[in-house]
Amino acid sequence: MLPGSQRDAPTGRDALRRIRVSAIFSTLLEAGPLARTDLAHRTGYSPSTVTGIVQDLSDAGYLRVVGQQESTGGRRRTLIELNRSSVTIAVVGLRGTRIWCALVDLDGNRLDAAEQDFDPADPVGSTASTVMSLHRRAVIPPVHVVVALPGVVASDGSVALAPAFGPVAHLRLVDELEAATGLRTTVENDVNLIALGERVDGAGNGVEDLVLIHVAEGIGATIIAGGEVLEGSSRSAGEIGFLPQGLAASPRGERGDYERRWTAAGIRESGALLGLSLAEETVVESLCSADSPAAVRLLDDVIQAWAFAAIICVCVVNPARVIFSGDAVLLTRDAREKLRGTVQRSAPSLTEVVFAELGQAAILHGAIAKVVKSPATLFTEVAG
């Protein structure tokens, strides 16, 4: 038996119906409002089959009528669309020593949220308990979980290089979480989700080729080429935190020298060595507002360092736009202009340089963008 065939193969009437329902959901997600006849034409199912399924899904609240199609001489046809507020997903992420979970519908509305201490000794248990705390009280329980992981996720769902997430090296996190929650689960790099969110609803809207550089507790980049995230052979593309600080290469560890030095924590340490007292919660803002010669020099160094990462990416992948997000958004207008000018003067090709627009909501929008690309998995529970 082929791997996965037991789950996916249509073995009876119920399985066949799930496939048809999934096809109808997929078509409506892709094409938007359609008449039943157009839906039948696009899916290849008979009008009577489509009508029956559409009626069942409408009665359950998953589809809704949105108007009438203009008549070309015959009867006006009723247009139906997916009711995106009828389906929810749970999005999970880490913030320092805390784990958060947000319940959102497919329109991006945040319906509920929970947060608790994260136990790195039991990352699966911490994640599952946070999700289920929302699931138990949800009016519309989530059908899918998306974990925004600060690390690398292999194509088989195993996790590597995620020091903040505890001892999860080579753990098949997807399988563990699905067993613990009973919910379909997707695990994706957090910066990839931010980039997807900004591309769909923020600073990267409509751009097919872009690079997003995110500065937070680490520094990472996502490359989107032709509208798709460039993953690399081991899904490690964009790990710019490991950029060398000079021509001499450093031994590989859990964190790179570049990342250690040019995140907010690293900048604060550098400031302390120069006699600067930068508030822990507002490192970038404090540095921008300081006017001592030492602070001005350090800010110039930060801008040069962040620009360096962008220039490397531009040289390699030739994006139309570079987006800075995370702590880089906290730069003043003058500092932003200096960063933008540094990248554009040094890059070999004309590249737009902008700053992220969605803030923390970018991960939620990215999670939605991620799951709707595979509606067959998203709607497995709904189709049942």
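I start with a term: buried means under 20% relative accessible area, exposed over 50%, and partly exposed in between (1.4 Å probe, protein chains only). I note that this is a predicted model, where local features need pLDDT of at least 70, side-chain atom pairs count only at pLDDT 80 or more, and totals for chains, interfaces and linings use all residues. Residues are numbered from 1 along each chain as its sequence is written, and side-chain values use heavy atoms, with hydrogens and water left out.

Entry: ring pairs. I find three aromatic pairs in the structure. Rings of Phe, Tyr and Trp (its six-membered ring) pair if their centres lie within 6.5 Å; planes under 30 degrees apart count as stacked, over 60 as edge-to-face and the rest as tilted.

I look up Phe-25 and Tyr-62. Their pair is edge-to-face, with 6.3 Å centre to centre and 80° between the planes. This pair links distant parts of the chain, 37 residues apart: Phe-25 is in helix 2 (residues 13–31), and Tyr-62 is in the loop between helix 4 (47–59) and strand 2 (63–69). Helices (H or I, at least four residues) and strands (E, at least two) are DSSP runs, numbered from the N terminus. Phe-25 is buried, at a relative accessible area of 0%.

Next I check Tyr-258 and Phe-308. Their pair is tilted: 6.4 Å centre to centre, 50° between the planes. Tyr-258 is buried, at 1%.
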